[in-house]
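The following exercises are to be worked with the sequence and the coordinates at hand. Each task is followed by a solution in steps.

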Amino acid sequence: MAYTHYILVCGGTACESSSSNDIYTRLLEEAEKQNVKDVVQIVKTGCFGFCEKGPIVKVLPEDSFYVEVKPEDAAEIISEQIIMGREVTRLLYNQEEKSLEKVEEIEFYKKQMRVALRNCGFINPEDVNEYIGRDGYLALEKALFEMKPEEIVEEVKKSGLRGRGGAGFPTGLKWEAGLKAPGDVKYVVCNADEGDPGAYMDRSTIEGDPHSVIEAMIICGKAIGAHKGFVYIRAEYPLAITRLQIAMDQAHDLGLLGNDILGSGFDFDIEIRLGAGAFVCGEETALLRSIEGLRGMPTPKPPFPAQKGLWGCPTIINNVETWANIPVIITKGAEWFSSIGTADSKGTKVFALTGKVNNSGLVEVPMGTTLREIIFEIGGGIKNGKKFKGVQTGGPSGGILTEEDLDTPIDFGALTKLGSMMGSGGMIVMDEDDCVVDVAKFYMEFCVDESCGKCSPCRIGTRQLYTILDKISRGNGEMADLEKLKDIGQAMRFSSLCALGQSAPNPTLSTLKKFEAEYIEHIKDKKCAAGKCKKLISFIITDKCIGCGACARQCPASCISGEKKTMHVIDQSKCLKCGACETTCKFNAIEKH
């Protein structure tokens, strides 16, 4: 059937939570109602990336880019654009008072280069034919019929691809170790257990392009001589799991997965294994133990998984983003891929840009792009005109970078030198209203909860760091505590069993290095300038108070008193520091000190 228009509706988790399913259904209903169902194809895609402006609807061939769409807008989109040929101007992305409907004109997308996310937002992830229509499974065909295992490994090596899960180990070297490892039984594993706070790159890739991961895993199986693969994905990702299962079923039906793939004589199959949300299971040896049905706890290395992994057999494990790059490397060649990025880090990197930034969302940029370009150009700068304070890269394992680091080209080596790390790609932006002590405490509390407890440096060290940070945030800190934080942190780095314990002190150590004055202010002046540490703040009623009593009625601790039409007073000994009074007051009569 020849369609004149295609309507793409974002079907990522974020947009689905904002009624994109209803938008999709209403568009189908309106197309039927307005008698245009034969000329317009309506497709639910994966994530477009521009989460700040979701739900997003894109109309082709005009390339109209509609943002913050509501279900009730469906009728107008059909009647105006599909029938009358006129764009719905009010829904177009608006930038600097100018309506921009073309994706390439939008600042958020200008500096992006989508390789891993190449199909997200362009295809229906639940239709294998749409993946095939964008060169899907061409790489598999080439690997099966035109390349020897050694040639596949060599192509990945020459590409310079490094693992996108955090450690950045050269993917080709890992595959080569798997190829050379002795044994008839080998395994391929996809790590989709993304657990960093604020990170959702892997989830969105599987939701929007599951076949890219399946294709890559089969290619790896061919390269190393494996016939079985596992996707370990956290159970909190129901949409990704559903779409991955649909993709696997479709691949089986077309002979792209299972026995005698495409008549090549090569067998490979994949199973989905659900994780229960343990952060430590993002560490490869802990993840493998979990697949085996054991408690997810790291094991010492060496031996490495490529030598001795699942059930003692050689196992290649990469994360979702790493796998998503493989088909492109095979089809376009290592030379093409290695021409992108820096000498140290080839290709692109996907970041989940969140926090106090105007344009939050999924961002894929060439390695070597600066933090300033990502935050202030793609991200549109800091919300509400606030001052930039820092950016947390690498999640709980990373560090906080400041204004002096903004012009650093992002790659694995550069971030490590600055005391942070690439990690899986979380990037949380902070402004002047954020407190570094509070941030460090948050990440340390997270690590305390997620430590498996197997080794004492991590089990005891995370608890000790959290206790000291909590003490400082309550105004009970001492100057000697700063040296204790540094000493414990360094001890954890050198003696913890796995990367979780080794990197857990990074947020604390990096904030101590970059913001020591703020720690000292908490200790000596008993003051939290950002107003985040509740024990160090107080709410004061000023002479602007007209005695309306609204604050007293909202106070959960009943600590506000005063006669009607006279200035009220807060009993500081009873105050919970909740801020309900400040939020309620219409006369700005309550100040936070």
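**Exercise 1. A charge over a ring**

Task: Determine which ring lies under Lys228, and at what distance from the ring centre.

Solution. The model is a predicted one. Lys228 lies over the face of Phe230, and the distance to the ring centre is 5.7 Å. A charge is counted as sitting over a ring only if NZ of Lys or CZ of Arg is within 6 Å of the ring centre and within 35 degrees of the ring normal. A further case involves Lys332, whose charged end sits over the ring of Trp336 at 4.4 Å from its centre.

**Exercise 2. Aromatic pairs around Phe230**

Task: Describe the pair formed by the rings of Tyr187 and Phe230, and state which parts of the chain the pair ties together.

Solution. 

Step 1. A pair of aromatic rings is described by the distance of the centres and the angle of the planes.

Step 2. For Tyr187 and Phe230 the centres are 6.0 Å apart and the planes stand at 50°, so the pair is tilted.

Step 3. Tyr187 belongs to strand 7 (residues 187-192) and Phe230 to strand 8 (residues 228-234), so the pair ties together parts that are 43 residues apart in sequence.

Step 4. Tyr187 has a relative accessible area of 13% and is therefore buried. Phe230 is also buried, with a relative accessible area of 3%.

Step 5. Phe230 forms a tilted aromatic pair with Trp311 as well, at 5.9 Å centre to centre and with 55° between the planes. This pair links distant parts of the chain, 81 residues apart: Phe230 is in strand 8, and Trp311 is in the loop between helix 12 (284-291) and strand 10 (315-319).

Step 6. Trp311 has a relative accessibility of 43%, so it counts as partly exposed.

Elsewhere, one aromatic cluster is formed by Phe48, Phe50, Phe65, Tyr93, Phe108 and Tyr109.

**Exercise 3. The packing of helix 10 and helix 13**

Task: Characterise how the axes of helix 10 and helix 13 cross, and name the residues that meet.

Solution. 

Step 1. Two packed helices are described by the angle between their axes and the distance between the axes.

Step 2. The axes of helix 10 (residues 210-224) and helix 13 (residues 320-332) cross at roughly 75° and come within 8 Å. That angle makes helix 10 roughly perpendicular to helix 13.

Step 3. Helix 10 contributes Ser212, Val213, Glu215, Ala216, Met217, Ile219 and Cys220, which meet Val320, Trp323, Ala324, Ile326, Pro327 and Ile330 of helix 13.

Step 4. Helix 13 is largely enclosed by the rest of the structure, because eleven of its 13 residues are buried. Among them are Glu321, Thr322 and Asn325, and also Trp323 and Pro327, which take part in the contact with helix 10.

Step 5. Just after helix 13, Gly333 has a positive phi of about 100°.

**Exercise 4. Backbone features in loops**

Task: Locate the cis peptide bond that joins Leu60 and Pro61, and state where Pro61 is found.

Solution. 

Step 1. Leu60 and Pro61 are joined by a cis peptide bond with omega of about 10°. Pro61 is in the loop between strand 3 (57-60) and strand 4 (64-66).

Step 2. Asp63 lies in the loop between strand 3 and strand 4 and has a positive phi of about 65° although it is not a glycine. With a relative accessibility of 13%, Asp63 counts as buried.

Step 3. A cis bond also runs from Lys301 to Pro302, with omega near 0°. Pro302 has its place in the loop between helix 12 and strand 10.

Step 4. Lys526 takes a positive phi near 55° and is not a glycine. Lys526 is in the loop between helix 22 (516-524) and strand 16, and at 41% relative accessibility it counts as partly exposed.

**Exercise 5. The surroundings of Thr542**

Task: Decide whether Thr542 is buried or exposed, and list what Thr542 touches.

Solution. Thr542 is found in the loop between strand 16 (539-541) and helix 23 (550-554). The relative accessible area of Thr542 is 15%, so Thr542 is buried. Not counting residues up to four places away in sequence, Thr542 touches Met567, Asn588, Ala589 and Glu591.

Note on methods: Residues are numbered from 1 along each chain as its sequence is written. This is a predicted model: local features need pLDDT of at least 70, side-chain atom pairs count only at pLDDT 80 or more; totals for chains, interfaces and linings use all residues. Side-chain values use heavy atoms; hydrogens and water are left out. Axes are lines fitted to C-alpha atoms, for helices over the stretch in contact, and angles run from 0 to 180 degrees between N-to-C directions. Helices (H or I, at least four residues) and strands (E, at least two) are DSSP runs, numbered from the N terminus. Angles under 35 degrees count as roughly parallel, over 145 as roughly antiparallel, 65 to 115 as roughly perpendicular and the rest as oblique. Contact means heavy atoms within 4.5 Å. Rings of Phe, Tyr and Trp (its six-membered ring) pair if their centres lie within 6.5 Å; planes under 30 degrees apart count as stacked, over 60 as edge-to-face and the rest as tilted. Buried means under 20% relative accessible area, exposed over 50%, partly exposed in between (1.4 Å probe, protein chains only).
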